[in-house]
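Please walk me through this complex, one selection at a time. I have it open in a viewer and want to know what to pick next and what is there.

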Amino acid sequence: MDYFLQQLINGVTLGSIYGLIAIGYTMVYGIIGMINFAHGDIFMVGSFISLILIVALGITAATPVLLLILALALVLVVAMALTAVWGWTVERVAYRPLRGSFRLAPLITAIGASIALQNFVQVSQGAKNKPLQPLISGDFQLTDGGADGSGFIVNLSYMQILIVVTTVVLMAGFTYIINKTSLGRSQRACEQDRKMAALLGVNVDRTISLTFVMGASLAAVAGLMFLLYYGVVDFYIGFLAGVKAFTAAVLGGIGSLPGAMLGGLLIGLIETFWSGYFSVEYKDVAAFSILAIVLIFMPEGLLGQPEVEKV
Amino acid sequence: MMQARQRDSLFVASVKDSLGGALVAFALACVMVGLKVDVASGRGAELFLEHRWLAVAIAVALVFVVRLGMNMFFWKREDAPSLGLSGFLPKGGLGDGSTNLLKYGMLVLAVALPFALMYYLGSRGSRQYIDLAILVLTYVMLGWGLNIVVGLAGLLDLGYVAFYAVGAYSYALLAHYFGFSFWICLPLAGILAAFWGIILGFPVLRLRGDYLAIVTLAFGEIIRVVLLNWYEFTGGPDGLSGIPRPSFFGLEFTRGEGGFADFFGLKYNSIHRIIFLYYLIFIMAMFTNFVTMRLRRMPIGRAWEALREDEIACRALGINTTNTKLTAFALGAMFGGFAGSFFATRQGFISPESFTFLESAIILAIVVLGGLGSQVGVVIASIVMIGGFEMFREFEEYRMLVFGIIMVVIMVWKPRGLVSSRTPSVALSKNAKGISADLVQEGHG
């Protein structure tokens, strides 16, 4: 039971990170109907930007708590802004010229952009793993391991709390933006019918760009969280994280924000429980199989709307 | 006077736009290029930063200058001359006659290549070029195989490398456990790959477009992860080595009695095997091409293309979409399997590392960049992508970066691929002209 609880905590943490990335996929797919294959690599770039900023600001575990929080907040904001520029540029260079082209075209440029981004980071930052000493340590012990100390000690670290809280806050913020602001309204309009939205005065190109900006900045948050949680990044983390986040988006129902979050949580939980109870080697197989099974039996996902095919 | 003002405003507008571009370039480069985080050796795993502000300045200046030039002379001018690059290709892609000429020219060149190389460079000098030609032909074959699935049937398959892997491992494992020879395994590998294609295809072919793409990607990864972790059976990350080489009608390419050279009274030379492999893959690729071209004229091929254009209309006309898709998937997989077992016999060693997603992406890129559904396009794209890629072997680090950028650039420049004119598979008149790919909806028929 204690072991289960620990896995649950770990799974929710991992799921939050996947969920944040998944939102980028789901928003872009919802609005222009393409898989932004480079999104996983945008997440990786965000992670690297965060790492460089942390090292540049000289943040270590020895930094006083208040200063540490301020500095990390600064890192978060700057990383979000810079990663957003990366997301915007990819859209501008690789996707916008192909809008209205046949549907495979942007997918190919997306794969090209993904390869280019990965190798750009490899060239500019080196291929080595970059380990970061843990900045936020300490935890709550939820169980004491029994009187004789033989039981399993369940830890809930500050880091995990931070990740989950940040995710919840950001999710609330973005749900507000989508549902209440005029930007969100134009996004939803473009999602329903791009041509009609344009006729009614919505600047479609701008809305799509902003969607990429929002997705990329959320990916940057996920990148920072990933970095702080695992303490190591390399140029290749984007691919796997990207595929799993996409799985999460599909599982939750692509195009739906709460769906992406729910899907992220489920994928995180499945992966942790699979590694905890079965085998670590095959955890990716578990995640991919879930993707295939969901798509085959429930293509609209958990919270998505079934697509009506029109002639 | 009037003109001067216009010129002026053009200049001002160009500068403004270029400044914007430079600003974006700065935002992109300031952290990712300007600072390099590295691991200090010897001081624990401490991280330190390396400053490279000069590189940032160069990148920003480059973006500014290029954008300014483009704005001044091309983008913002109404009388802009069209960009030089498109002048190299005839309007609307290659016409019918030139495509035919190109086809036969390439065919003759491909047949004569090893001997021409041997004649000019000698057996030692030509070896690396023939090796490269074998690699290019392998990708041509894979491209043609995938072309059936993506180009003709319009099913986006991002996990094609899985069938390549199935073919390679089928041969390697059959040879390893049962001692089967290459010629028995070649058809078996194709059949097994086709079988896998059906197994994977059956549940997923109900999915549309991008969903299908992502599920095939997932299957590709699953097969790779299984190959990687099933240590007892597949050798895991160590792979399988000592895969037997193919023989020429029972003649081994060995030195001494009973070998290929001995039988034909030639002096033994290791290049014989390379040339044999070259013609082997050449024949296999041409076989793929032949089957595809024939199938295109048969009802099943027409059904593939109809399916690509409009699935609902197909169903309305009574085409069994599941079977149509499955045959395309299985046939594509079969050719992938053939190519895979050729790969295994050529390398003599295989490991899961050769079958990553990147490989699928490269094959797909070849098909799409060549122009979906175009057989000649696949050849051109393979030569450009693989040949170009191998040329820059010394720039190991940069070539993948350039590869990715080229994928984006070619696609933005010519979204319909390099060969964007298609001969209709079915036409009423005997002398039907090729039509521009822009006239068809999804692929190009």
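The domain bounds used in this tour come from an automatic or database domain assignment. The model is a predicted one, and the predictor gives the complex an ipTM of 0.85 and a pTM of 0.85.

Start with chain B and colour its two parts: domain 1 covers 6–77 and domain 2 covers 96–436. Between the C-alpha centres of domain 1 of chain B and domain 2 of chain B the distance is 40 Å.

Next, colour chain B by pLDDT. The mean is 80, with 85% of the residues of chain B at 70 or more. Select residues 80–95 of chain B, where pLDDT stays under 50 and the model has 18 contacts beyond four places in sequence. Where pLDDT is low, the predicted coordinates should not be read in detail.

Now select the contact between the chains, to which chain A brings 57 residues and chain B 49. On the side of chain B that touches chain A, the elements that each supply at least two residues include α1 (2–32), β1 (35–39), α5 (182–204) and α6 (209–229) of chain B. The most comes from α6(B), with 14 residues. By class, this side of chain B has 40 nonpolar, 6 charged and 3 polar residues.

Finish on chain A, which has 11 helices and 4 strands. Its radius of gyration is 20 Å, close to the 19 Å from the globule rule for 311 residues, so chain A is as compact as a globular protein of that length. The C-alpha trace of chain A spans about 70 × 45 × 40 Å along its principal axes. Of the 311 residues of chain A, 50% count as buried.

Terms used: Residues numbered from 1 in each chain as written. Chains lettered and ligands numbered in written order. Predicted model: local features only at pLDDT ≥ 70, side-chain atom pairs only at ≥ 80, totals over all residues. Contact = placed C-beta atoms within 7 Å. Nonpolar A, V, L, I, M, F, W, Y, C, P; charged D, E, K, R; others polar. pLDDT = per-residue confidence, 0-100. Rg over C-alpha atoms; globule rule 2.2 N^0.38 Å. Buried ≥ 20, exposed ≤ 12 C-beta atoms within 10 Å, placed from the backbone.
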